[in-house]
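Subject: Structure handover

Hello,

Please find below the structure I said I would pass on. My notes on what was found in it follow.

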Amino acid sequence: MAWALFALAWSALGGLGATESAAQNTAVGISDDIHLGVASCAGSTCHGSIEPWKKSNVLQNEYITWQREDKHAKAYDVLLNDRSKRIARNLGLPDAHTAQVCLDCHADNVPMDKRGTTFQIGDGVGCEACHGGSVRWIGVHLAGKDHATNVAAGMYPTADPEARATLCLSCHFGDKKRFVTHRIMGAGHPRMSFELDTFTALQPAHFTIDEDYTRRKAVYNGVKTWAIGQAMAIGRTIDLMTDPARGRDGIFPELVFFDCHACHHPMSNLRWQPRRGTGLKPGIVRLNDSNLVMLRVIARHLDEDVGDTLFQETLALHAASLEGIEATVKAAKALRKTVGKTIGMFKSYSFGPADIQALLSGVVAEGLSGEYADYAAAEQATMALASIVDAMKNGGMIDKDQLAPMIAALDSCYKAVEKDEAYKPTVFAKALRQFKDAIPKL
Ligand code: HEC
Ligand code: HEC
Ligand code: HEC
Ligand code: HEC
């Protein structure tokens, strides 16, 4: 997995802004309308300018950023490389670049009757794979109408964190239609990880949250985006896990829902330690609960009862996983209800400086109590810390001198999670203690 995250601490600080207003949420089908193709957005006076336009509301060089720096532009091309050839061969597919299972995530794979004349499948995850088929909205958006008018004409509401999470997760975790099963991973597909706020910055973002953006769109600080992203990720996981078509594979459950490293680490690397948050004994294949650990830090800060319920229901889910599939589905569904409740809580909550600092301490404390014994949780915690530090910086909460030791500590965290197979909980705990000392008193 490309730990480009390393670079994040340096490059993305300067990403998302800090004011907020009411949520808009109209989840429109990305594939409902005809997709005209990337070429229709790439004109030099449209989004294909080499330099950002000073006088324009938007940067107008989005195409260049996408083409040069965004992995989505290469998502189709990777289907032609040796790794993909091997995956296809192992799965018995004629070719990766013609297989629907691969194209559904690695390209804008809309049906033939939804492809305009300049549409090219080789463009990979193009503009309309995220912004929606443009045939209806291209006119109003050229006429310079406001964002709501564009959205009403079928543009996908990417500015809204809930809608954005729904979109990104559809490929970065899966949905009813597309999914990377453990069989596909067994054939050689890389492990997937995702955190909404971090990945928005990593893409890299082809938008800047400036004065006019704030006028045109509802703006959410990174902490709120992180919080909503966590709840949405668990929601999606549970929905797929409890779907009979996805949740099982023969006598086994679908292994993708479990902590990969519970099975995949060398036997000489003895590192099991008890975790308060699972209540499980050694030698057990654990469900991946990394998003749940993050979610309860956030929920507990906003409402102790909800945080407590999440904790108890997570324990119940782990316990049910030892009992059987029926018990697991039942426990997962109970948890799903509480998770759904948190999304509403986060959307209506305004995360201020005191909250942000408390969440930072909460994420660190959870780790120091031993909850990041598993790699996936440490990885989520690292992305969370990066995202929160970013929000503190953008919100003008800290000065340079306060930022520097936090960045240094973040670097230690990144180093500790850089290679999943070499992860050592003790090294990560040390980085967390460094981070704890770096948290400024505000
Ligand atoms: C559910 C969506 C989904 C499906 C289905 C899927 N992929 Fe992927 N694939 C991804 C995502 C997302 C990544 C990037 C993971 C990351 O870096 O976090 C990825 C990464 C990869 C990579 C590594 C790319 C790189 O830059 O190193 C290869 C190779 C790949 N996929 C091949 C395939 C092939 C072949 C298939 C079909 C058998 C397939 N994928 C099916 C979503 C998917
Ligand atoms: C992987 C998803 C994704 C892809 C692919 C993508 N975008 Fe975006 N785009 C976003 C997100 C997320 C935002 C930020 C939220 C928002 O403002 O709507 C955004 C914002 C924008 C904005 C608004 C900036 C502003 O200041 O309001 C423009 C314009 C834009 N994208 C153009 C493009 C173009 C052109 C392409 C193709 C070359 C493209 N995007 C490809 C996800 C994507
Ligand atoms: C249509 C499917 C699809 C959607 C929707 C999508 N992605 Fe991706 N994304 C991919 C694939 C496939 C890759 C891997 C491409 C490669 O490695 O060449 C990828 C790669 C990435 C990477 C690079 C990861 C790395 O390891 O370097 C980031 C960051 C990313 N996506 C962020 C996002 C965000 C944020 C959104 C939502 C706004 C989003 N993606 C929506 C399919 C998608
Ligand atoms: C319950 C234990 C278990 C869990 C959990 C698990 N795996 Fe596996 N995995 C296996 C087994 C067993 C194999 C087959 C090993 C073999 O064929 O030698 C395998 C094979 C693989 C392979 C192919 C290895 C090879 O030698 O070619 C990859 C890659 C892989 N898993 C990735 C993952 C990822 C990513 C996750 C988490 C999302 C995961 N696994 C979760 C047990 C597990």
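The shell around ligand 3 takes at least three residues from each of domain 1 (28-157) and domain 2 (159-442); the domain bounds come from an automatic or database domain assignment. The model is predicted, so local features need pLDDT of at least 70 and side-chain atom pairs count only at pLDDT 80 or more, while totals for chains, interfaces and linings use all residues. Residues are numbered from 1 along each chain as its sequence is written, chains are lettered from A and ligands numbered from 1 in the order in which they are written, and side-chain values use heavy atoms, with hydrogens and water left out.

Ligand 3

There are 18 residues around ligand 3, and the nearest of them are His72, Cys105, Cys168, Cys171 and His172. A residue counts as near a molecule or strand if one of its heavy atoms lies within 4 Å of it. By class, the shell around ligand 3 has ten nonpolar, five polar and three charged residues. Here Ala, Val, Leu, Ile, Met, Phe, Trp, Tyr, Cys and Pro are nonpolar, Asp, Glu, Lys and Arg are charged, and the others, Gly among them, are polar.

Helices H4 (100-106), H8 (161-172) and H10 (196-202) each give at least two residues to the shell around ligand 3, and H8 gives the most, with five residues. Helices (H or I, at least four residues) and strands (E, at least two) are DSSP runs, numbered from the N terminus.

- His72: a polar side-chain atom is 2.7 Å from a nitrogen atom of ligand 3.
- His172: an N or O atom of the side chain is 2.8 Å from a nitrogen atom of ligand 3.
- Lys71: an N or O atom of the side chain is 3.3 Å from an oxygen atom of ligand 3.

Ligand 1

The iron atom of ligand 1 is coordinated at 2.0 Å by His106 (NE2) and His189 (NE2). Donors are N, O and S atoms within 2.8 Å of the metal (3.2 Å for Na, K and Ca), and since water is not among the atoms, sites may look incomplete. The arrangement is octahedral because the six donor atoms around the iron atom of ligand 1 subtend angles of 85 to 179 degrees. Four donors count as tetrahedral if all angles lie between 85 and 135 degrees; four count as square planar and six as octahedral if opposite donors are over 155 degrees apart and all others between 65 and 115; anything else is irregular. For reference, ideal angles for six octahedral donors are 90 or 180 degrees.

The pair links distant parts of the chain: His106 is in helix H4 and His189 in the loop between H9 and H10, 83 residues apart. His189 counts as buried, at 18% relative accessibility (buried is under 20% relative accessible area, exposed over 50%, partly exposed in between, with a 1.4 Å probe and protein chains only). Residues of both domain 1 (28-157) and domain 2 (159-442) go into the shell around ligand 1, so ligand 1 lies between these domains. The shell around ligand 1 has 14 nonpolar, five polar and one charged residues.

Ligand 2

His131 (NE2) and His206 (NE2) coordinate the iron atom of ligand 2 at 2.0 Å. His131 lies in helix H5 (residues 127-131) and His206 in the loop between H10 and helix H11 (211-216), so the pair ties together parts that are 75 residues apart in sequence. The site of the iron atom of ligand 2 is octahedral, because its six donor atoms subtend angles of 87 to 180 degrees. His131 is partly exposed, at 26% relative accessibility.

Ligand 4

The iron atom of ligand 4 has His182 (NE2) and His264 (NE2) as protein donors, 1.9 to 2.0 Å from it. His182 lies in helix H9 (residues 182-186) and His264 in the loop between helix H14 (260-263) and helix H15 (290-302), so this pair ties together parts 82 residues apart in sequence. At 29% relative accessibility His182 is partly exposed, and at 52% His264 is exposed.

Regards

Notes:
A polar contact is a pair of N or O atoms within 3.5 Å; within protein, one must be able to donate a hydrogen and the other to accept it, and residues adjacent in sequence count only if both atoms are side-chain atoms.
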